[in-house]
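Please find below a colleague's note on the model under review.

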Amino acid sequence: MDVQITKLYKIIMKLDMAKAYDRVEWSFVKSMLHTMNFPENIINTILRSISTVSYQILINGQPSRRFFPERGLRQGDPLSLYLFILCANVLSGLLKRKEKDNNIHGIRVARNAPKITHLLFADDSLLFARASVEEAQCIISVLNTY
């Protein structure tokens, strides 16, 4: 009787989302809040809060014209932290769906422990998967969707 043992290699991906606050699309925030059944008046208040910002920079000691961003959350704004957490929850949901569909296989820290596919910390994320082209492409697809 031949017993064949196949070793499955795992990968860990570290995502540094240092610029993530600057890249959050306001349309994504609106859609996310609608999906989470926030009341319309709260959604409108939040969107006004994040979208009515303007900036000026000093050029040779003189203020420039005002310019208005079209996306992003302001770092340091207490509301931005909560919105970013809600956005990260969307990423978590997308990864959980791929795990449920057996497209991503996480790691176990002990024999009977549940599998872990991702850990999210502030603006850093760790993703765990099998070291295969299919799982890497699946994760890239999730990140592109996100």
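1. Leu120 has Ser125 of E5 as its bridge partner. E4 and strand E5 (residues 124–130) pair in the antiparallel sense over four bridges, and His118 stands opposite Leu127 in E5. Strands pair if DSSP finds at least two bridges between them; strands (E, at least two residues) and helices (H or I, at least four) are DSSP runs numbered from the N terminus.

2. The model is predicted: local features need pLDDT of at least 70, side-chain atom pairs count only at pLDDT 80 or more, and totals for chains, interfaces and linings use all residues. Residues are numbered from 1 along each chain as its sequence is written, and side-chain values use heavy atoms, with hydrogens and water left out.

3. The open sheet has three strands in the order E1-E5-E4, with antiparallel pairing. On average, neighbouring strands are turned by 15 degrees against each other, direction ignored. Axes are lines fitted to C-alpha atoms, for helices over the stretch in contact, and angles run from 0 to 180 degrees between N-to-C directions.

4. Helix H4 (residues 78–100) packs on the sheet and touches E4 and E5; the direction of H4 makes about 175 degrees with that of E4. Contact means heavy atoms within 4.5 Å. Helix H5 (residues 133–145) lies across E1 and E5, at about 145 degrees to E5.

5. In the hairpin of E4 and E5, two residues lie between the strands, and Ala122 takes a positive phi near 40 degrees.

6. How do H2 and H4 cross? The axes of helix H2 (residues 26–35) and H4 come within 11 Å and cross at roughly 75 degrees. H2 and H4 are therefore roughly perpendicular to each other (angles of 65 to 115 degrees count as such; under 35 is roughly parallel, over 145 roughly antiparallel, and the rest oblique). H2 contributes Phe28, Val29, Met32 and Leu33 to the contact, and H4 contributes Leu83, Leu86, Cys87 and Val90. By class, the contact has eight nonpolar, no polar and no charged residues. Ala, Val, Leu, Ile, Met, Phe, Trp, Tyr, Cys and Pro count as nonpolar, Asp, Glu, Lys and Arg as charged, and the others, Gly among them, as polar.

7. The structure holds one cavity of 30 Å³ or more, and the largest cavity has a volume of about 40 Å³. The lining of the largest cavity consists of Met17, Phe84, Ala88, Leu91, Leu120, Ala122, Ser125 and Tyr146, and H4 gives the largest share, three residues. On a 1 Å grid over the protein atoms alone, a cavity is a set of points where a 1.4 Å probe fits but cannot get out, and a pocket is an open set with protein on both sides within 12 Å along at least five of seven lines; lining residues have an atom within 4 Å of a point. Grid points are joined across faces, edges and corners, and a volume is the space filled by probe spheres set on the points.

8. The largest pocket holds about 350 Å³ of space. Of its 13 lining residues, Ala20, Arg23, Val24, Glu25 and Tyr146 lie nearest its centre. By class, this lining has nine nonpolar, no polar and four charged residues.

9. The second largest pocket holds about 150 Å³ of space. H4 gives the most to its lining, with four residues.
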